Amino acid sequence: MTTDAARRFASLAVHAGQDPDESTGAVIPPVHFSTTFAQDGIGGLRQGYEYGRSGNPTRTALQTQLAAIEGGAHAFSFASGLAAEDTLLRAALAPGDEVLLGSDVYGGTYRLLARVLGPWGVRLRVVDMSDGDAVRAAVAERAPRLMWVETPSNPLLRITDIAGLARIGHDAGALVVVDNTFATPALQRPLALGADVVVHSTTKYLGGHSDVVGGALVVNDEALAEKIGFLQFAVGAVSGPLDAWLTTRGIKTLAVRMQRHSENAAAVAAFLTSSDRVARVFYPGLADHPGHDIAVRQMSGFGGIVSVALESGPAARRFAESTRLFQLAESLGGVESLVNYPDAMTHASVRGTDAAVPVEVVRLSVGIEDVDDLVDDLDRALRA
Ligand SMILES: *Cc1c(COP(=O)(O)O)cnc(C)c1O
(Lines give C-alpha, C1' and ligand atoms only; values in the text may rest on other atoms or scores of the structure.)
Protein backbone atom coordinates (compact mmCIF):
# COMPACT_ATOMS: atom_id res chain seq x y z
CA MET A 1 0.00 0.00 0.00
CA THR A 2 1.20 3.53 -0.79
CA THR A 3 1.35 5.81 2.22
CA ASP A 4 -0.12 9.29 1.76
CA ALA A 5 3.34 10.86 1.74
CA ALA A 6 4.64 8.53 -0.98
CA ARG A 7 1.76 9.22 -3.36
CA ARG A 8 2.62 10.30 -6.85
CA PHE A 9 1.82 13.59 -8.56
CA ALA A 10 -1.61 12.92 -10.08
CA SER A 11 -2.87 11.37 -6.83
CA LEU A 12 -1.56 14.25 -4.73
CA ALA A 13 -3.19 16.75 -7.09
CA VAL A 14 -6.58 15.11 -6.51
CA HIS A 15 -6.35 14.31 -2.80
CA ALA A 16 -3.90 16.55 -0.92
CA GLY A 17 -5.84 18.86 1.40
CA GLN A 18 -9.10 17.27 0.29
CA ASP A 19 -10.05 14.97 3.17
CA PRO A 20 -13.84 14.51 3.34
CA ASP A 21 -15.69 16.93 5.60
CA GLU A 22 -15.58 15.50 9.14
CA SER A 23 -19.12 16.32 10.18
CA THR A 24 -21.00 15.29 6.99
CA GLY A 25 -18.63 13.06 5.04
CA ALA A 26 -18.98 15.38 2.02
CA VAL A 27 -16.29 14.18 -0.40
CA ILE A 28 -15.74 17.72 -1.60
CA PRO A 29 -14.89 19.86 1.44
CA PRO A 30 -17.25 22.84 1.72
CA VAL A 31 -16.26 26.38 0.76
CA HIS A 32 -15.90 28.35 3.99
CA PHE A 33 -17.13 31.89 3.43
CA SER A 34 -17.20 32.88 7.09
CA THR A 35 -14.92 35.82 7.86
CA THR A 36 -14.78 35.04 11.57
CA PHE A 37 -14.70 31.96 13.79
CA ALA A 38 -16.39 31.36 17.15
CA GLN A 39 -14.01 30.96 20.09
CA ASP A 40 -14.51 28.59 23.03
CA GLY A 41 -13.57 31.18 25.64
CA ILE A 42 -11.25 34.08 24.87
CA GLY A 43 -8.44 32.85 22.65
CA GLY A 44 -9.97 29.33 22.51
CA LEU A 45 -9.68 28.75 18.78
CA ARG A 46 -11.05 25.43 17.53
CA GLN A 47 -8.60 24.69 14.72
CA GLY A 48 -6.44 27.80 14.82
CA TYR A 49 -8.95 29.87 12.83
CA GLU A 50 -9.76 33.33 14.05
CA TYR A 51 -10.34 35.81 11.20
CA GLY A 52 -10.49 35.38 7.41
CA ARG A 53 -7.35 37.32 6.55
CA SER A 54 -5.19 35.36 8.96
CA GLY A 55 -6.59 31.97 7.99
CA ASN A 56 -9.48 30.26 6.24
CA PRO A 57 -10.05 26.48 5.91
CA THR A 58 -10.63 26.64 2.13
CA ARG A 59 -7.37 28.53 1.70
CA THR A 60 -5.61 26.03 3.96
CA ALA A 61 -6.89 23.21 1.73
CA LEU A 62 -5.45 24.91 -1.36
CA GLN A 63 -2.14 25.65 0.38
CA THR A 64 -1.84 22.00 1.47
CA GLN A 65 -2.51 20.91 -2.11
CA LEU A 66 0.02 23.43 -3.52
CA ALA A 67 2.78 22.34 -1.12
CA ALA A 68 2.14 18.69 -1.98
CA ILE A 69 2.23 19.10 -5.75
CA GLU A 70 5.42 21.23 -5.68
CA GLY A 71 7.06 18.95 -3.11
CA GLY A 72 7.56 21.87 -0.70
CA ALA A 73 7.13 22.23 3.06
CA HIS A 74 5.06 25.44 2.99
CA ALA A 75 2.72 27.05 0.46
CA PHE A 76 0.92 30.39 0.54
CA SER A 77 -1.88 31.49 -1.75
CA PHE A 78 -2.57 35.06 -2.81
CA ALA A 79 -5.08 37.21 -4.67
CA SER A 80 -2.88 37.25 -7.81
CA GLY A 81 0.49 36.11 -9.08
CA LEU A 82 1.83 39.63 -8.66
CA ALA A 83 0.52 39.82 -5.08
CA ALA A 84 2.49 36.62 -4.38
CA GLU A 85 5.59 38.12 -6.03
CA ASP A 86 5.27 41.38 -4.08
CA THR A 87 4.93 39.50 -0.78
CA LEU A 88 7.97 37.34 -1.54
CA LEU A 89 10.11 40.33 -2.56
CA ARG A 90 9.18 42.23 0.59
CA ALA A 91 9.95 39.16 2.71
CA ALA A 92 13.32 38.52 1.08
CA LEU A 93 14.70 41.98 0.28
CA ALA A 94 15.73 45.16 2.06
CA PRO A 95 16.51 48.58 0.54
CA GLY A 96 19.85 48.43 -1.27
CA ASP A 97 19.52 44.73 -2.17
CA GLU A 98 19.85 43.75 -5.80
CA VAL A 99 17.77 41.37 -7.90
CA LEU A 100 19.23 39.60 -10.93
CA LEU A 101 16.28 39.06 -13.24
CA GLY A 102 15.89 36.86 -16.31
CA SER A 103 15.71 38.86 -19.55
CA ASP A 104 12.34 37.68 -20.85
CA VAL A 105 10.28 37.32 -17.70
CA TYR A 106 6.63 38.21 -17.43
CA GLY A 107 6.30 41.95 -18.11
CA GLY A 108 4.48 42.57 -14.84
CA THR A 109 7.37 41.07 -12.85
CA TYR A 110 9.76 43.52 -14.46
CA ARG A 111 7.32 46.39 -13.86
CA LEU A 112 6.88 45.43 -10.17
CA LEU A 113 10.63 45.42 -9.61
CA ALA A 114 11.48 48.46 -11.72
CA ARG A 115 8.58 50.77 -10.93
CA VAL A 116 7.20 49.71 -7.55
CA LEU A 117 10.14 48.30 -5.60
CA GLY A 118 12.77 50.40 -7.40
CA PRO A 119 11.66 53.64 -5.73
CA TRP A 120 11.89 51.80 -2.36
CA GLY A 121 15.58 51.13 -2.99
CA VAL A 122 15.58 47.66 -4.57
CA ARG A 123 18.11 47.50 -7.40
CA LEU A 124 17.67 45.52 -10.59
CA ARG A 125 19.95 43.96 -13.18
CA VAL A 126 18.76 41.91 -16.16
CA VAL A 127 20.61 38.97 -17.70
CA ASP A 128 19.80 36.09 -20.05
CA MET A 129 19.44 33.33 -17.43
CA SER A 130 19.64 30.61 -20.07
CA ASP A 131 23.24 31.72 -20.80
CA GLY A 132 25.33 30.18 -17.98
CA ASP A 133 28.45 32.20 -18.84
CA ALA A 134 26.51 35.47 -18.79
CA VAL A 135 24.99 34.58 -15.41
CA ARG A 136 28.37 33.63 -13.90
CA ALA A 137 29.89 36.89 -15.18
CA ALA A 138 27.00 38.95 -13.78
CA VAL A 139 27.25 37.27 -10.38
CA ALA A 140 31.06 37.62 -10.30
CA GLU A 141 30.74 41.34 -11.00
CA ARG A 142 28.43 41.75 -7.99
CA ALA A 143 26.59 39.11 -5.97
CA PRO A 144 22.83 39.70 -6.08
CA ARG A 145 20.60 39.05 -3.06
CA LEU A 146 18.05 37.23 -5.20
CA MET A 147 17.99 35.59 -8.64
CA TRP A 148 14.69 35.25 -10.51
CA VAL A 149 14.12 33.01 -13.50
CA GLU A 150 11.23 31.81 -15.61
CA THR A 151 11.84 28.54 -17.41
CA PRO A 152 10.41 28.07 -19.96
CA SER A 153 10.47 31.85 -20.27
CA ASN A 154 7.75 34.16 -21.48
CA PRO A 155 7.32 34.44 -24.42
CA LEU A 156 10.51 33.09 -26.01
CA LEU A 157 10.51 29.73 -24.20
CA ARG A 158 14.16 30.00 -23.23
CA ILE A 159 15.22 27.13 -20.99
CA THR A 160 17.43 27.61 -17.94
CA ASP A 161 19.22 24.76 -16.19
CA ILE A 162 17.62 25.17 -12.74
CA ALA A 163 20.12 22.94 -10.91
CA GLY A 164 23.05 24.83 -12.48
CA LEU A 165 21.51 28.21 -11.68
CA ALA A 166 20.85 27.14 -8.08
CA ARG A 167 24.53 26.20 -7.68
CA ILE A 168 25.71 29.57 -9.02
CA GLY A 169 23.18 31.39 -6.85
CA HIS A 170 23.93 29.50 -3.66
CA ASP A 171 27.71 29.91 -4.10
CA ALA A 172 27.04 33.66 -4.20
CA GLY A 173 24.66 33.55 -1.22
CA ALA A 174 21.62 34.46 -3.33
CA LEU A 175 18.07 33.22 -2.99
CA VAL A 176 17.04 31.39 -6.18
CA VAL A 177 13.44 31.90 -7.29
CA VAL A 178 11.74 30.03 -10.13
CA ASP A 179 8.47 31.22 -11.64
CA ASN A 180 6.98 27.81 -12.51
CA THR A 181 3.80 29.16 -14.09
CA PHE A 182 4.55 27.87 -17.61
CA ALA A 183 5.75 24.36 -16.78
CA THR A 184 3.64 23.71 -13.66
CA PRO A 185 4.69 21.01 -11.19
CA ALA A 186 3.06 18.45 -13.48
CA LEU A 187 6.11 18.87 -15.73
CA GLN A 188 8.85 20.42 -13.55
CA ARG A 189 9.65 20.59 -9.78
CA PRO A 190 12.13 23.42 -9.17
CA LEU A 191 12.53 22.78 -5.42
CA ALA A 192 13.78 19.24 -6.09
CA LEU A 193 16.27 20.76 -8.57
CA GLY A 194 17.69 23.08 -5.90
CA ALA A 195 15.60 26.27 -6.16
CA ASP A 196 14.61 28.01 -2.91
CA VAL A 197 11.23 29.41 -3.92
CA VAL A 198 8.58 28.53 -6.48
CA VAL A 199 6.26 31.29 -7.68
CA HIS A 200 2.99 30.77 -9.54
CA SER A 201 0.39 32.77 -11.25
CA THR A 202 -2.33 30.21 -10.48
CA THR A 203 -4.46 32.29 -12.86
CA LYS A 204 -2.89 30.25 -15.65
CA TYR A 205 -2.56 26.44 -15.74
CA LEU A 206 -3.22 25.69 -12.06
CA GLY A 207 -6.67 27.30 -12.15
CA GLY A 208 -6.74 26.16 -15.76
CA HIS A 209 -10.13 27.48 -16.86
CA SER A 210 -9.58 31.24 -17.20
CA ASP A 211 -12.08 31.94 -14.44
CA VAL A 212 -9.99 32.81 -11.38
CA VAL A 213 -7.06 35.15 -10.68
CA GLY A 214 -4.56 33.96 -8.07
CA GLY A 215 -0.96 33.40 -7.10
CA ALA A 216 1.16 31.18 -4.90
CA LEU A 217 4.54 30.79 -3.23
CA VAL A 218 6.07 27.47 -2.20
CA VAL A 219 9.21 27.21 -0.04
CA ASN A 220 11.08 24.75 2.18
CA ASP A 221 13.05 27.13 4.40
CA GLU A 222 11.36 27.65 7.79
CA ALA A 223 12.64 31.18 8.41
CA LEU A 224 11.57 32.40 4.98
CA ALA A 225 8.21 30.66 5.36
CA GLU A 226 7.66 32.48 8.63
CA LYS A 227 8.39 35.87 7.04
CA ILE A 228 6.09 35.15 4.10
CA GLY A 229 3.35 33.91 6.42
CA PHE A 230 3.63 37.07 8.48
CA LEU A 231 3.42 39.34 5.41
CA GLN A 232 0.54 37.34 3.93
CA PHE A 233 -1.33 38.14 7.15
CA ALA A 234 0.02 41.65 7.76
CA VAL A 235 -0.36 42.93 4.17
CA GLY A 236 -3.40 40.83 3.40
CA ALA A 237 -3.26 40.09 -0.34
CA VAL A 238 -4.87 36.70 0.33
CA SER A 239 -7.04 34.65 -2.00
CA GLY A 240 -10.73 34.69 -1.16
CA PRO A 241 -12.55 31.44 -0.36
CA LEU A 242 -14.26 31.00 -3.73
CA ASP A 243 -11.04 31.79 -5.61
CA ALA A 244 -9.17 29.27 -3.47
CA TRP A 245 -11.83 26.64 -4.09
CA LEU A 246 -11.88 27.19 -7.87
CA THR A 247 -8.09 26.88 -7.93
CA THR A 248 -8.22 23.66 -5.94
CA ARG A 249 -10.76 22.26 -8.37
CA GLY A 250 -8.56 23.22 -11.30
CA ILE A 251 -5.47 21.58 -9.83
CA LYS A 252 -7.27 18.24 -9.56
CA THR A 253 -7.18 17.89 -13.36
CA LEU A 254 -3.74 19.45 -13.85
CA ALA A 255 -1.96 16.21 -14.71
CA VAL A 256 -4.32 15.25 -17.54
CA ARG A 257 -4.61 18.79 -18.83
CA MET A 258 -0.83 19.28 -19.05
CA GLN A 259 -0.52 15.99 -20.91
CA ARG A 260 -3.08 17.13 -23.50
CA HIS A 261 -1.70 20.71 -23.66
CA SER A 262 1.76 19.25 -24.34
CA GLU A 263 0.52 16.85 -27.04
CA ASN A 264 -1.45 19.56 -28.82
CA ALA A 265 1.41 22.08 -28.56
CA ALA A 266 3.87 19.57 -30.02
CA ALA A 267 1.58 19.04 -33.01
CA VAL A 268 1.08 22.80 -33.45
CA ALA A 269 4.86 23.38 -33.25
CA ALA A 270 5.47 20.68 -35.87
CA PHE A 271 2.86 22.22 -38.18
CA LEU A 272 4.28 25.74 -37.79
CA THR A 273 7.81 24.47 -38.43
CA SER A 274 6.60 23.07 -41.76
CA SER A 275 5.01 26.38 -42.86
CA ASP A 276 6.95 28.59 -45.26
CA ARG A 277 5.24 31.70 -43.81
CA VAL A 278 6.89 31.17 -40.44
CA ALA A 279 10.44 32.40 -39.81
CA ARG A 280 11.02 30.63 -36.52
CA VAL A 281 9.20 28.44 -34.02
CA PHE A 282 10.01 28.56 -30.30
CA TYR A 283 9.07 25.33 -28.49
CA PRO A 284 11.34 23.43 -26.10
CA GLY A 285 10.09 20.12 -27.48
CA LEU A 286 11.67 20.81 -30.87
CA ALA A 287 15.03 19.05 -31.25
CA ASP A 288 16.66 22.22 -32.64
CA HIS A 289 15.48 24.44 -29.75
CA PRO A 290 18.63 25.71 -27.98
CA GLY A 291 17.38 24.51 -24.58
CA HIS A 292 15.99 21.18 -25.77
CA ASP A 293 18.54 18.93 -24.04
CA ILE A 294 18.14 20.70 -20.69
CA ALA A 295 14.36 20.62 -21.08
CA VAL A 296 14.52 16.86 -21.66
CA ARG A 297 16.53 16.51 -18.43
CA GLN A 298 14.50 18.72 -16.13
CA MET A 299 10.96 18.51 -17.52
CA SER A 300 8.65 15.54 -18.03
CA GLY A 301 6.81 17.30 -20.89
CA PHE A 302 7.23 20.55 -22.82
CA GLY A 303 4.00 22.36 -21.98
CA GLY A 304 1.34 24.20 -23.94
CA ILE A 305 2.99 27.46 -24.99
CA VAL A 306 4.37 27.86 -28.51
CA SER A 307 5.76 31.14 -29.81
CA VAL A 308 6.38 31.92 -33.43
CA ALA A 309 8.25 34.62 -35.33
CA LEU A 310 6.78 35.71 -38.63
CA GLU A 311 8.55 37.62 -41.41
CA SER A 312 7.73 41.08 -40.01
CA GLY A 313 5.86 42.95 -37.30
CA PRO A 314 2.85 43.66 -39.54
CA ALA A 315 2.69 39.98 -40.61
CA ALA A 316 2.74 38.96 -36.94
CA ARG A 317 -0.06 41.39 -36.06
CA ARG A 318 -2.14 40.19 -39.04
CA PHE A 319 -1.68 36.55 -38.02
CA ALA A 320 -2.65 37.28 -34.40
CA GLU A 321 -5.83 39.02 -35.62
CA SER A 322 -6.78 36.31 -38.13
CA THR A 323 -7.29 33.19 -36.02
CA ARG A 324 -10.80 32.20 -34.97
CA LEU A 325 -10.56 29.20 -32.64
CA PHE A 326 -7.46 30.76 -31.04
CA GLN A 327 -9.03 33.81 -29.40
CA LEU A 328 -7.06 37.05 -29.29
CA ALA A 329 -6.63 37.68 -25.57
CA GLU A 330 -4.14 38.23 -22.78
CA SER A 331 -3.30 35.40 -20.40
CA LEU A 332 -2.67 31.71 -21.04
CA GLY A 333 -3.01 28.27 -19.55
CA GLY A 334 -6.78 27.79 -19.86
CA VAL A 335 -8.49 24.90 -21.62
CA GLU A 336 -9.27 27.22 -24.56
CA SER A 337 -6.60 28.25 -27.07
CA LEU A 338 -5.49 31.88 -27.04
CA VAL A 339 -3.28 34.01 -29.27
CA ASN A 340 -1.35 37.01 -27.98
CA TYR A 341 0.79 39.70 -29.60
CA PRO A 342 3.32 40.35 -26.79
CA ASP A 343 4.78 43.65 -28.05
CA ALA A 344 1.42 45.43 -27.81
CA MET A 345 -0.37 43.24 -25.26
CA THR A 346 1.24 41.25 -22.40
CA HIS A 347 4.67 42.82 -22.80
CA ALA A 348 3.70 46.39 -23.75
CA SER A 349 5.04 47.59 -20.37
CA VAL A 350 8.58 46.41 -21.26
CA ARG A 351 8.75 47.94 -24.76
CA GLY A 352 12.06 49.67 -25.26
CA THR A 353 13.64 48.04 -22.15
CA ASP A 354 16.10 45.14 -21.79
CA ALA A 355 13.08 42.84 -21.50
CA ALA A 356 11.36 43.91 -24.77
CA VAL A 357 9.94 41.23 -27.09
CA PRO A 358 10.68 41.26 -30.85
CA VAL A 359 7.80 42.71 -32.91
CA GLU A 360 7.68 39.62 -35.17
CA VAL A 361 6.73 37.33 -32.28
CA VAL A 362 3.26 35.90 -31.60
CA ARG A 363 2.58 33.70 -28.57
CA LEU A 364 0.09 30.84 -28.65
CA SER A 365 -1.43 29.23 -25.59
CA VAL A 366 -2.46 25.90 -27.06
CA GLY A 367 -5.64 24.59 -25.42
CA ILE A 368 -7.12 21.13 -25.11
CA GLU A 369 -9.46 21.31 -28.13
CA ASP A 370 -9.20 18.84 -31.02
CA VAL A 371 -5.73 19.33 -32.43
CA ASP A 372 -6.89 19.08 -36.06
CA ASP A 373 -9.20 22.06 -35.53
CA LEU A 374 -6.33 24.01 -33.98
CA VAL A 375 -3.99 23.29 -36.90
CA ASP A 376 -6.73 24.13 -39.45
CA ASP A 377 -7.28 27.48 -37.71
CA LEU A 378 -3.58 28.37 -37.76
CA ASP A 379 -3.21 27.25 -41.36
CA ARG A 380 -6.08 29.49 -42.46
CA ALA A 381 -4.78 32.45 -40.42
CA LEU A 382 -1.28 32.13 -41.90
CA ARG A 383 -2.74 32.32 -45.41
CA ALA A 384 -4.85 35.38 -44.50
C1 LIG B 1 0.46 35.97 -15.48
C2 LIG B 1 1.82 35.75 -14.97
C3 LIG B 1 2.26 36.36 -13.80
C4 LIG B 1 1.41 37.35 -13.02
O5 LIG B 1 0.31 36.73 -12.43
P6 LIG B 1 -1.12 37.45 -12.19
O7 LIG B 1 -1.95 36.31 -11.66
O8 LIG B 1 -1.60 37.99 -13.49
O9 LIG B 1 -0.88 38.51 -11.19
C10 LIG B 1 3.52 36.06 -13.35
N11 LIG B 1 4.34 35.21 -14.03
C12 LIG B 1 3.94 34.61 -15.16
C13 LIG B 1 4.87 33.69 -15.87
C14 LIG B 1 2.68 34.86 -15.68
O15 LIG B 1 2.31 34.29 -16.82
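**Pockets and helix packing**

Author: Since this is a predicted model, I will begin with the lining of the largest pocket, which by class has 10 nonpolar, nine polar and four charged residues.

Reader: What volume does the largest pocket have, and which residues lie nearest its centre?

Author: The volume of the largest pocket comes to about 690 Å³. Its lining is made up of 23 residues, and those nearest the centre are Asp21, His32, Gln47, Tyr49 and Pro57. The elements that contribute two or more residues to this lining are α2 and α8.

Reader: Which element gives the most to that lining?

Author: That is α2, which gives six residues to the lining of the largest pocket.

Reader: At what angle do α2 and α8 pack, and how far apart are their axes?

Author: Helix α2, residues 57-70, packs with helix α8, residues 241-252, at an angle of about 35 degrees, and their axes are 8 Å apart. The crossing of these two helices is left-handed.

Reader: Which residues in α2 and α8 meet?

Author: On the α2 side they are Thr58, Arg59, Ala61, Leu62, Gln65, Leu66 and Ile69, and these meet Pro241, Ala244, Trp245, Thr247, Thr248, Ile251 and Lys252 in α8. Divided by class, the residues of this contact are eight nonpolar, four polar and two charged.

Reader: Back to pockets, then: what is the volume of the second largest pocket, and which residues are closest to its centre?

Author: The second largest pocket has a volume of about 220 Å³. It is lined by 15 residues, of which Gly81, Leu82, Tyr106, Ser201 and Lys204 are the closest to its centre. Helix α3, spanning residues 81-92, gives the most to this lining, with three residues.

Reader: And how does the lining of the second largest pocket divide by class?

Author: It has five nonpolar, six polar and four charged residues.

Reader: Changing topic, where is valine 116 placed, and why is it classed as partly exposed?

Author: Valine 116 sits in helix α4, which covers residues 107-117. It counts as partly exposed because its relative accessible area is 41%, and that class lies between the limit of under 20% for buried and over 50% for exposed.

Reader: How far is the C-alpha atom of valine 116 from that of phenylalanine 326?

Author: Those two C-alpha atoms are separated by 34 Å, and valine 116 and phenylalanine 326 are 210 residues apart along the chain.

Technical notes
Residues numbered from 1 in each chain as written. Predicted model: local features only at pLDDT ≥ 70, side-chain atom pairs only at ≥ 80, totals over all residues. Heavy atoms only, no water. Axes fitted to C-alpha atoms, helices over the stretch in contact; angles between N-to-C directions. Helix = DSSP H or I, 4+ residues; strand = E, 2+ residues; numbered from the N terminus. Left-handed = near helix turned anticlockwise from the far one by under 90°. Contact = heavy atoms within 4.5 Å. Nonpolar A, V, L, I, M, F, W, Y, C, P; charged D, E, K, R; others polar. 1 Å grid on protein atoms, 1.4 Å probe; cavity = no way out; pocket = protein on both sides within 12 Å on 5 of 7 lines; lining within 4 Å. Points joined across faces, edges and corners; volume = space filled by probe spheres on them. Buried < 20%, exposed > 50% of the residue type's maximum accessible area, 1.4 Å probe, protein only.
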